[in-house]
Amino acid sequence: MAKSAGTVRFAAVGDLHVTREAAGTLRAFFTQACEHADALLLCGDLTDYGTAEEAHVLAEELAVVKVPVVAVLGNHDFESGMPEVVTETLTKAGVRVLDGEACEIEGVGIAGVKGFAGGFGRGSLGAWGEPAIKQFVQEALQEALKLESALAKLRTPRRIALLHYAPICGTVMGEPVDIFPFLGSSRLEEPLLRYPVDAVFHGHAHRGTMEGKTINGVPVFNVARPLLQRSRPDQAPFRLFELPREEGSEREPAAPVPAAASA
Ligand SMILES: [Fe+2]
Ligand SMILES: [Fe+2]
């Protein structure tokens, strides 16, 4: 699919899980992705253990990318206790790493946050009982608030949400039901009902489902690389998504949808 002047096209993938052994192995993939897209979106678990060395390997591999790169971190990027080093290394390489912030690519606004776990719908963990449980739930609420404040800042007519954890149950289907609560949280869906977007991308659920919808009909794409590789072995493991190009059409900051209308 060639790039088109009338659209802005994104190539999205998550869960690269870059290790030190990955040096030299991702350049062809990144080159192919940016040949087809105006920007590259990376949905967390950029590294395998969140080490400085892995972040450097990824930064080197991304040197071939000639389009903007926007990313969020994933849980693996926290494993070595130095997510700020991962962020700094990638930022120096030109990647826009979002943690509750927003940016704009060719008139399309992108709000990004890692997200957190906690479960979906009636299975959501509630903030009740021991302090540890309350703290766990608070982490998910905090990530949802960060997403909401990022979305509220965007003035663009078109908007995308970039996450690592899933905001809906539909795109984790295929994983063992026992681990659903660790794959995402419905609390991340709430800001998407108040500030609707054109699409949501996430990763983390390696054995989930590629597509779902929020309860207000927004498409949600699970772009975990292992899932894309397994589901479409004949295609390069990134998901292309395009939006009409609407240059010069700034609008007021997104107005929240009243709660009654979003239920
Ligand atoms: Fe992952
Ligand atoms: Fe993950």
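Just after helix α3, glycine 94 takes a positive phi of about 95°. Helices (H or I, at least four residues) and strands (E, at least two) are DSSP runs, numbered from the N terminus. This is a predicted model, in which local features need pLDDT of at least 70 and side-chain atom pairs count only at pLDDT 80 or more, while totals for chains, interfaces and linings use all residues. Residues are numbered from 1 along each chain as its sequence is written, chains are lettered from A and ligands numbered from 1 in the order in which they are written, and side-chain values use heavy atoms, with hydrogens and water left out.

**Overall fold**

The protein chain has 7 helices and 11 strands. Its C-alpha atoms fill a box of roughly 50 × 45 × 35 Å along the principal axes.

Of the 263 residues, 53% count as buried. Buried means under 20% relative accessible area, exposed over 50%, and partly exposed in between (1.4 Å probe, protein chains only). The protein chain exposes about 11,500 Å², of which carbon and sulfur atoms supply 55%; accessible areas come from the Shrake-Rupley method with a 1.4 Å probe, and for residues only the protein chains shown count as cover. Among contacts (heavy atoms within 4.5 Å) between residues at least 6 apart in sequence, 75% join residues at least 24 apart.

Donors are N, O and S atoms within 2.8 Å of the metal (3.2 Å for Na, K and Ca); water is not among the atoms, so sites may look incomplete. The protein donors are listed below.

| Ion | Protein donors | Distances |
|---|---|---|
| iron ion (ligand 1) | Asp15 (OD), His17 (NE2), Asp45 (OD), His206 (NE2) | 2.0 to 2.2 Å |
| iron ion (ligand 2) | Asp45 (OD), Asn75 (OD1), His164 (NE2), His204 (ND1) | 2.1 to 2.2 Å |

Aspartate 45 bridges the iron ion (ligand 1) and the iron ion (ligand 2), which lie 3.4 Å apart. Distant parts of the chain are linked at this point: aspartate 15 is in the loop between β1 (7–13) and α1 (27–36), and aspartate 45 is in the loop between β2 (39–43) and α2, 30 residues apart. Both aspartate 15 and aspartate 45 are buried.

The 4 donor atoms around the iron ion (ligand 1) subtend angles of 87 to 171°, so the arrangement is irregular. Four donors count as tetrahedral if all angles lie between 85 and 135 degrees; four count as square planar and six as octahedral if opposite donors are over 155 degrees apart and all others between 65 and 115; anything else is irregular. In sequence, the donor residues of the iron ion (ligand 1) follow the spacing D-x1-H-x27-D-x160-H.

Around the iron ion (ligand 2), the 4 donor atoms subtend angles of 89 to 154°, which also makes that arrangement irregular. The donor residues of the iron ion (ligand 2) are spaced D-x29-N-x88-H-x39-H. Here the pair of asparagine 75, in the loop between β3 (69–72) and α3 (83–92), and histidine 204, in the loop between β8 (199–202) and β9 (211–213), links distant parts of the chain, 129 residues apart. Asparagine 75 is partly exposed, with a relative accessible area of 28%, whereas histidine 204 is buried at 12%.

In α1, the buried residues are Phe29, Phe30, Ala33, Cys34 and His36. Seen down the axis of α1, they fall within an arc of 160°, so they line one face of the helix; the arc is that of the directions from the helix axis to the C-beta atoms. The face turned away from this buried side carries the exposed residues Ala28 and Glu35. Cover for the buried residues of α1 includes β1, β2, α2 and β11 (239–244).

In α3, Pro83, Val86, Thr89 and Leu90 are buried. Their arc about the axis of α3 is within 130°, so they too line one face of the helix. These buried residues pack against α2 (52–61) and β4 (95–97).

Glutamate 143 lies in helix α4 (residues 131–153) and counts as buried at 3% relative accessibility. Leaving aside neighbours within four places in sequence, glutamate 143 is in contact with Val113, Lys114, Gly115, Phe116 and Leu188.

Serine 124 is in the loop between β6 (108–112) and α4, and is partly exposed, with a relative accessible area of 23%. Not counting residues up to four places away in sequence, serine 124 touches Gly118, Gly119 and Ser186. Serine 124 and glycine 184 are 60 residues apart in sequence and 9.7 Å apart in space, C-alpha to C-alpha.
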